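Dear colleague,

I am passing on a structure that you have not worked with before, and below it I have set out what was found in it. Please look through the model first and then read the notes beside it.

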Amino acid sequence: MRRRPALTALLLVPALAAGATACGTGGDETGALPVPRPGGSAPIVPGGVLGAGIDEGTFAPWAVNETAVTYDPAVVPVGATASLSIAPETNGATVTLLVTGMLAKRGYGAHLHTAPCGPDGAAAGPHYQHTADPAATADPSVDSAYANPANEVWLDFTADDRGAATVTASGAWKLDGPDRPRSLVIHADRTATADGAAGTAGPRAACLTLSA
């Protein structure tokens, strides 16, 4: 499903004054249960960020034109869902991710990437970076001066006992211009922070293509 104006809003979180926050780095992560939208459309969480557009999908095996793809159903099951809201702000953006149907009580890494999903996880390209690492020779950059939750959009989460989670990150990112991110990638592991491994999070288990 492509991005559309939110019929009602997502989880209400304060925009943070400095840097980015996300699960595992001081951010807001909950196990909030989804609430059905009117007419049976995809779930939402009470409260919200008004004016946000939403990209959402139900994970399935790779196929051409499939919006949400799972590359490892043992980690991101077929039928799991993701809903991503990007709300532009004066000095950046707030990003909210809601997932359902994940493995209960399991931790995941999640980041925004530069390219749409493809037949394998590598197709999504490197992480979106507000300021690109000029010396990067790896995908993703592993220099913690650039691979960090202020310069990249990290949305790590731990699913609750029903497989649901909500996480929000805010930062000085420009996510609505020509260099905007084009996908959300869910990784098998939580994100490392040590220099030389910063930004890595294990295999790319699933991918949600974001609207052009």
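The protein chain exposes about 8,900 Å², of which carbon and sulfur atoms supply 58%; accessible areas come from the Shrake-Rupley method with a 1.4 Å probe, and for residues only the protein chains shown count as cover. Please keep in mind that this is a predicted model, in which local features need pLDDT of at least 70 and side-chain atom pairs count only at pLDDT 80 or more, while totals for chains, interfaces and linings use all residues. Residues are numbered from 1 along each chain as its sequence is written, and side-chain values use heavy atoms, with hydrogens and water left out.

The secondary structure of the protein chain comes to 0 helices and 11 strands, where helices (H or I, at least four residues) and strands (E, at least two) are DSSP runs numbered from the N terminus. Of its 212 residues, 50% count as buried, meaning under 20% relative accessible area, with exposed being over 50% and partly exposed in between (1.4 Å probe, protein chains only). Among contacts (heavy atoms within 4.5 Å) between residues at least 6 apart in sequence, 69% join residues at least 24 apart.

The largest nonpolar core has 33 residues, and V76, L97, M102, L112, L155, F157 and I186 are those with the most contacts inside it; such a core is a set of buried Ala, Val, Leu, Ile, Met, Phe, Trp, Tyr and Cys residues joined through side-chain atoms within 4.5 Å. Its largest share, 4 residues, comes from β6. Leaving aside neighbours within four places in sequence, I186 is in contact with residues including F59, V76, M102, Y108 and F157.

The structure holds 1 aromatic pair, formed by Y108 and F157, which are stacked at 5.0 Å centre to centre with 20 degrees between the planes; rings of Phe, Tyr and Trp (its six-membered ring) pair if their centres lie within 6.5 Å, and planes under 30 degrees apart count as stacked, over 60 as edge-to-face and the rest as tilted. Y108 lies in strand β7 and F157 in strand β8 (residues 157–158), so the pair ties together parts that are 49 residues apart in sequence. Y108 is buried, with a relative accessible area of 0%, and F157 is buried at 1%.

Finally, K105, in the loop between β6 and β7, has a positive phi near 60 degrees and is exposed, with a relative accessible area of 65%.

With best wishes
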